Amino acid sequence: MVSRAAVTVILLATLSLGGGASGSLAAPPALDVPDLRGTWSGTWGGTPLRLVIFEQRDAGAASGIYVGSWLAVGHRQPGVSGVLTFRNRSEDLSVSAEGWLGASAPGLRLVVHAAPTDGPQQLTLTLVEPQRFIGTGTSRFRWGPQGAVELTRAAELPGR
């Protein structure tokens, strides 16, 4: 358990480092985020991969330093949630997935986390075209997919 004195010292040090003339931290720049909801299909390390994004949030989970339930330093990031389906031991496995969006060169970055029972997984993707992500993925278990990821969004059905 952290003492109140330690929390106070950390908070004061953090605020003084981020100070500037006004003593407050600048808000992160707004992201221009397209609607990413839908079915994205492709490969992960040469095996089939599907990411279905059901929900997209303008302000997802907050990252930073908390004092109790108060976010002292940091900001909320836009995010997504859905289902990741990958090949695991010759079978397709679907798990819940959460993702966070951020700016990167040359485009929008999406970091997706999933936690199947075998261990955590992470995809780091860049939107290189309006309907195409490329990047890499890691599984923290040796039989899970590893390496290059490429996903393309499935075409919408007419009338949807």
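Two strands are said to pair if DSSP finds at least two bridges between them, where strands (E, at least two residues) and helices (H or I, at least four residues) are DSSP runs numbered from the N terminus. This is a predicted model, in which local features need pLDDT of at least 70 and side-chain atom pairs count only at pLDDT 80 or more, while totals for chains, interfaces and linings use all residues. Residues are numbered from 1 along each chain as its sequence is written, and side-chain values use heavy atoms, with hydrogens and water left out.

**View 1. Strand 1 and its pairing with strand 10.** Strand 1 and strand 10 (residues 147–153) pair in the antiparallel sense over five bridges. Within this pairing, Trp40 has Arg153 of strand 10 as its bridge partner.

**View 2. The hairpin of strand 1 and strand 2.** Strand 1 (residues 38–44) also runs antiparallel to strand 2 (residues 47–57), and seven bridges join the two. The bridge partner of Ser41 in strand 2 is Arg50. The two strands form a hairpin with two residues between them, and Gly45 in the turn has a positive phi of about 60°.

**View 3. The largest nonpolar core.** A nonpolar core is a set of buried Ala, Val, Leu, Ile, Met, Phe, Trp, Tyr and Cys residues joined through side-chain atoms within 4.5 Å, with buried meaning under 20% relative accessible area (1.4 Å probe, protein chains only). The largest such core has 23 residues, and those with the most contacts inside it are Leu84 and Leu110. Among the elements that give two or more residues to this core are strand 1, strand 2, strand 5 (79–88), strand 6 (91–103) and strand 10. Strand 7 gives the most to this core, with four residues.

**View 4. The surroundings of Leu110.** Leaving aside neighbours within four places in sequence, Leu110 is in contact (heavy atoms within 4.5 Å) with residues including Leu51, Ile53, Val80, Trp100, Leu123, Leu125 and Phe133. Gly99, Leu101 and Thr124 are also in contact with Leu110.

View 5. Of its 160 residues, 32% count as buried. The mean pLDDT (the predictor's confidence in each residue, from 0 to 100) is 79, and 68% of the residues reach 70 or more. Over residues 17–28, however, pLDDT stays under 50, and the model has five contacts beyond four places in sequence for this stretch.

Key
Buried < 20%, exposed > 50% of the residue type's maximum accessible area, 1.4 Å probe, protein only.
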